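My notebook is open and the viewer is loaded. I will jot down what I look up, one entry at a time.

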Amino acid sequence: MATLATGLVGSGVFNTVSTFAAEQTKDVPVSYNSMTAIPDPENPNSPDYVINVPASITFTDENKDIDATVTMTEVSGAKYQGTKSADVSVASQNGYKLKNGGNKEIRYELRYKNNLMTGTNTSQLLSTMSKDSDKAMGSAKMIGSATATGNYVDTLVYTVASK
């Protein structure tokens, strides 16, 4: 809002005229990408290791390539030194498409160790993890773009199976 003051010098008359400028607002999402730990399935109450997967993957128009790396660590976060190994797999509920609740969707890719994950509700092995193979480099990349406004979502389900 702009304010313009006018007056007559020496007359004691002072008028205030307000003018309004056009304005627009935009909501901006704020997110924190932390890891979510999946405990050792053989001993979930006192795990020997945890598998750390992305807590969320949030695409924006400016950030269409997201780190989706998965790691195996000690519960403390230190490098895993134990003898166990685990198969880690992932499945997409929407076949690697973000859907807006209607009939609109945006395609994205999820890759681990350069392998493209595919399918709907089909669990795919992304890595066998152990102390010698404790990191699976991953990335999620939005391929398409929105054709209508709205919130587009998918759910990834990570599964850990002891070996």
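**Entry 1: ground rules.** I start with a term: strands (E, at least two residues) and helices (H or I, at least four residues) are DSSP runs, numbered from the N terminus. With that in hand, I find D154 in the loop between β13 (138-142) and β14. I note that this is a predicted model, where local features need pLDDT of at least 70, side-chain atom pairs count only at pLDDT 80 or more, and totals for chains, interfaces and linings use all residues. Residues are numbered from 1 along each chain as its sequence is written, and side-chain values use heavy atoms, with hydrogens and water left out.

**Entry 2: the whole chain.** How many helices and strands does the protein chain have? I find zero helices and 14 strands. I also looked up burial, where buried means under 20% relative accessible area, exposed means over 50%, and partly exposed is in between (1.4 Å probe, protein chains only). Of the 163 residues of the protein chain, 26% count as buried. Next came contacts, meaning heavy atoms within 4.5 Å. Taking contacts in the protein chain between residues at least 6 apart in sequence, I see that 64% join residues at least 24 apart.

Entry 3: Two strands pair if DSSP finds at least two bridges between them. I followed an open sheet with the order β11-β7-β14 and antiparallel pairing. Which strands are at the edges? They are β11 (124-129) and β14 (156-162), and each pairs on one side only. Neighbouring strands of this sheet are turned by 20° against each other on average, direction ignored; the axes are lines fitted to C-alpha atoms, and angles run from 0 to 180 degrees between N-to-C directions. Strand β7 (residues 86-92) pairs with β11 in the antiparallel sense over five bridges. In that pair, I find D87 opposite T128 in β11. A reminder to myself: in a regular strand the side chains alternate between the two faces of the sheet.

**Entry 4: strand β4.** Is β4 enclosed or open to the outside? Five of the five residues of β4 (residues 50-54) are buried, so this strand is largely enclosed by the rest of the structure. I then checked its partners. Strand β3 (residues 35-39) pairs with β4 in the antiparallel sense over five bridges, and A37 has N52 in β4 as its bridge partner. β4 also pairs with β6 (residues 70-73), again in the antiparallel sense, over three bridges. There, I51 has M72 in β6 as its bridge partner.

**Entry 5: salt bridges.** A salt bridge is a side-chain nitrogen of Lys or Arg within 4 Å of a carboxyl oxygen of Asp or Glu. By this rule I get eight salt bridges. One of them joins D48 and K84, with the closest N and O atoms 2.7 Å apart. This pair links distant parts of the chain: D48 is in the loop between β3 and β4, K84 is in the loop between β6 and β7, and they are 36 residues apart. D48 counts as partly exposed, at 34% relative accessibility.

I also looked at E109, which is buried, with a relative accessible area of 18%. E109 forms a salt bridge with R107, with the closest N and O atoms 3.9 Å apart, and another with R111, at 3.5 Å. R111 is partly exposed, at 30% relative accessibility. Salt bridges that share partners join D40, E42, D48 and K84 into one network.

**Entry 6: around K84.** Not counting residues up to four places away in sequence, K84 touches D40, E42, D48, Y49, M72, M129 and S130. K84 and Y49 are 35 residues apart in sequence and 8.3 Å apart in space, C-alpha to C-alpha.

**Entry 7: back to D154.** D154 does make a polar contact, side chain to side chain, with S92 (2.5 Å). A polar contact is a pair of N or O atoms within 3.5 Å; within protein, one must be able to donate a hydrogen and the other to accept it, and residues adjacent in sequence count only if both atoms are side-chain atoms. The side chain of D154 also reaches the backbone nitrogen of Q93 at 3.5 Å. The residues that D154 touches include N94, Y96 and Y108.
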